[in-house]
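User: I am learning to read protein models and would like to go through one feature by feature. Please give the general idea before each case.

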Amino acid sequence: MIRMFLAGLLALSAVPAHAERLEIRGDRVFVPVKVNGERLLALLDTGAEVTVFDKTAASRLGLVGGVEVDARGTGAGPIRAELVENVTVTALGRDILVPVAAVIDLSDVGSRLLNAPLPMVLGREIFDQGRLAVDLEAARIDWLDEAEAPAGTMLELAPAHGIETIAVRFGTAGERAADFDLGNGSGLLISTGLAKDLGLVPVGLEPAGGIGGAILRPVVFVPEITIAGRSFHDVRAHVSPDLQVPANVGVGLLRNFMIVTDFPAKRVWLDARR
């Protein structure tokens with residue numbers, strides 16, 4: 001998960017549907033886009049409140065001269081971000097106007113998490129454009145007509161700190177809000193409060209963290225987690241003291257479902273794979 005805590009930003013657009021092939025690297029999901037005539041491979045991240053460009057890529061694309069602000073990612077410390085306005089990103093056949101994008105040095109994130117440069121993180125703006133069908137196993141993403149009835153279990157999306165959350169059941173602890181995060185390739189994240197409620201004892205520490213630098217997180221095993229009616233047992237998770245909701249569900253769990261998102265209508269459908 002590469003998360004930015006910058007508020008009050010919306011995206012606008014509307015043109016025809018266009019299926020696209022995703023590139024999946026482990027549990028990281030990438031989609032081809034075009035910005036200012038240049039083709040880029042962007043990390044797809046529903047957990048990013050705004051689209052983010054690496055400083056080097058932004059300079060090459062002419063995205064310069066923005067206002068500097070303090071920002072916070074999921075890493076060890078705060079960072080400085082430059083805000084640039086009115087960036088048009090072409091993705092899935094649509095020109096998406098991003099009113100404000102962040103420019104940050106992503107070289108550390110790319111090196112640690114991908115072992116490769118990371119030119120861009122495409123945030124929730126694309127999901128705010130309409131209904132999308134995402135098949136992580138087939139590596140496909142496409143716009144879905146609103147007249148079509150999605151298969152699977154419909155879950156309400158509830159906003160929390162700029163991120164959409166779904167209700168997830170944690171065994172005896174009951175239902176808790178969890179970030180719906182296609183940018184989280186590190187597995188399940190849970191808060192220290194939820195870990196305490198579940199009586200979980202860490203089995204070790206592991207390096208983690210996105211923007212802001214590496215950080216060590218405790219590793220636990222969650223006895224049971226149920227998402228859209230499907231249960232998973234002994235799920236490995238990191239405990240994050242900075243998580244602003246009880247949990248964060250990423251690609252490792254979401255790839256077990258066919259996914260349809262409808263951010264404008266605050267809904268998502270998850271159809272468990274047989």
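Analyst: Begin with two definitions. Two strands pair if DSSP finds at least two bridges between them. Helices (H or I, at least four residues) and strands (E, at least two) are DSSP runs, numbered from the N terminus. This is a predicted model, in which local features need pLDDT of at least 70 and side-chain atom pairs count only at pLDDT 80 or more, while totals for chains, interfaces and linings use all residues. Residues are numbered from 1 along each chain as its sequence is written, and side-chain values use heavy atoms, with hydrogens and water left out.

User: What is the mean pLDDT of the chain, and where does pLDDT stay under 50?

Analyst: pLDDT is the predictor's confidence in each residue, from 0 to 100. The chain has a mean of 88, with 88% of its residues at 70 or more. Over residues 2–17 the value stays under 50, and the model has 67 contacts beyond four places in sequence for that stretch. A contact means heavy atoms within 4.5 Å. Where pLDDT is low, the predicted coordinates should not be read in detail.

User: How many helices and strands does the chain have?

Analyst: There are four helices and 22 strands. Of the contacts in the chain with a separation of 6 or more, 65% are between residues 24 or more positions apart. Buried residues make up 53% of the 274 residues, where buried means under 20% relative accessible area, exposed over 50% and partly exposed in between (1.4 Å probe, protein chains only).

User: How do I read a sheet, and what is the order of the open sheet of six strands?

Analyst: Strands of a sheet pair through backbone hydrogen bonds, either parallel or antiparallel. Here the open sheet has the order 1-11-10-21-22-12, with antiparallel pairing. Its edge strands are strand 1 (20–21) and strand 12, each of which pairs on one side only.

User: Which strands does strand 10 pair with, and over how many bridges?

Analyst: Strand 10 is joined to strand 11 by four bridges, running antiparallel, and it pairs with strand 21 over four bridges in the antiparallel sense. On the strand 11 side, Val 134 has Ile 141 as its bridge partner. On the strand 21 side, Leu 132 stands opposite Thr 261. Four of the five residues of strand 10 are buried, so strand 10 is largely enclosed by the rest of the structure.

User: How does strand 22 connect to strand 21 and to strand 12?

Analyst: Strand 21 (residues 257–262) and strand 22 run antiparallel, with six bridges. Strand 12 (residues 153–156) and strand 22 (residues 267–272) are also antiparallel, with four bridges. Val 268 of strand 22 is opposite Thr 261 and is the bridge partner of Leu 155. Met 154 has Trp 269 as its partner in strand 22.

User: Which residue takes a positive phi in each of the two hairpins?

Analyst: In the hairpin of strand 10 and strand 11, with four residues between the strands, that residue is Ala 139, with phi near 55 degrees. Ala 139 is not a glycine, and it is buried, with a relative accessible area of 6%. In the hairpin of strand 21 and strand 22, which also has four residues between the strands, Lys 266 takes a positive phi near 60 degrees.

His 161, in the loop between strand 13 (158–160) and strand 14 (163–169), has a positive phi near 60 degrees too. His 161 counts as partly exposed, at 44% relative accessibility.

User: How is a pocket found, and what lines the second largest pocket?

Analyst: Rolling a probe the size of a water molecule over the atoms shows where empty space is left. On a 1 Å grid over the protein atoms alone, a pocket is an open set of points where a 1.4 Å probe fits, with protein on both sides within 12 Å along at least five of seven lines; lining residues have an atom within 4 Å of a point. The second largest pocket is lined by 13 residues, and Ala 133, Val 134, Met 258, Ile 259 and Val 260 lie nearest its centre. Strand 10, strand 11, strand 21 and strand 22 each give two or more residues to the lining.
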